[in-house]
Amino acid sequence: MDIVVTIPKGEYANDDLETSVYEQGDYEQFWQLRNRPKQLNIGDRVYFVKNGQIESSMRVTRIEKNAAATCDVTNRTWRGCLIYMDDLQIENGMKVKGFQGFRYRWW
């Protein structure tokens, strides 16, 4: 089942930079959550809320619980449940109020 997450405003610049590097190819993106969403599976999508709307989505390629990885772009290390993704798609811009954590897709 697809999930929705919010990109914090303080991370917008990093998100833009990570996206530009991803689009150059040979780069894997991941998202960190505290706990693994039980209904999220390989092939499902993660939808990203940015600027109060669903901006983009990516397909889940693998999920690692209790993992750690360092972002090649920001050089920050993230720990927890790491969701690796590919297939970046621009979405419809549906208005969504930001929130912490994740929610299962409701539309």
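In helix 1, the buried residues are Y12, D15, E18, T19 and Y22, where buried means under 20% relative accessible area, exposed means over 50% and partly exposed is anything in between, using a 1.4 Å probe and protein chains only. They sit on the same side of helix 1, because they cover an arc of only 125 degrees around the axis; the arc is taken from the directions that run from the helix axis to the C-beta atoms. This is a predicted model, so local features need pLDDT of at least 70 and side-chain atom pairs count only at pLDDT 80 or more, while totals for chains, interfaces and linings use all residues. Residues are numbered from 1 along each chain as its sequence is written, and side-chain values use heavy atoms, with hydrogens and water left out.

Helix 1 takes in residues 12-23, which makes 12 residues. Helices (H or I, at least four residues) and strands (E, at least two) are DSSP runs, numbered from the N terminus. From first C-alpha to last, helix 1 reaches 16 Å, close to the 16 Å expected at 1.5 Å a residue; that expected span is 1.5 Å times one less than the number of residues. After helix 1 comes G25, with a positive phi near 95 degrees.

What do the buried residues of helix 1 pack against? They pack against strand 2 (29-33), strand 3 (45-50), strand 4 (53-70) and strand 5 (77-90), with contact meaning heavy atoms within 4.5 Å.

Strands of a sheet pair through backbone hydrogen bonds, either parallel or antiparallel.

Both kinds of pairing turn up here. Strand 1 (residues 3-6) and strand 6 run antiparallel and are joined by three bridges, with V5 having F102 of strand 6 as its bridge partner. Strand 1 also pairs with strand 3, this time in the parallel sense over four bridges, and I3 stands opposite V46 in strand 3. Strand 3 and strand 4 are antiparallel, with six bridges between them. In the hairpin they form, two residues lie between the strands, and N51 takes a positive phi near 55 degrees.

Strand 3 is mostly covered, with six of its six residues buried. R45, Y47 and V49 point one way, V46, F48 and K50 point the other way, and all are buried. F48 stands opposite S56 in strand 4. S56 is itself buried, at 7% relative accessibility, and its contacts include V46, Y47, F48, L88 and I90.

D2 is buried, with a relative accessible area of 16%. Leaving out residues up to four places away in sequence, D2 touches D44, R45, Y47, R103, Y104 and R105.

E64 lies in strand 4 and is partly exposed, with a relative accessible area of 27%. The side chains of E64 and R62 are joined by a polar contact of 2.8 Å. Not counting residues up to four places away in sequence, E64 touches G80, C81, L82 and Y84. The C-alpha atoms of E64 and G80 are separated by 8.2 Å, although the two residues are 16 residues apart along the chain.

C81 belongs to strand 5 and is buried at 2% relative accessibility. C81 and I63 are 18 residues apart in sequence and 7.1 Å apart in space, C-alpha to C-alpha. Among the residues that C81 touches are W31, Q32, L33, I63 and E64.

Terms used
Pairing = 2+ DSSP bridges. Polar contact = N/O pair within 3.5 Å; in protein donor to acceptor, adjacent residues only side chain to side chain.
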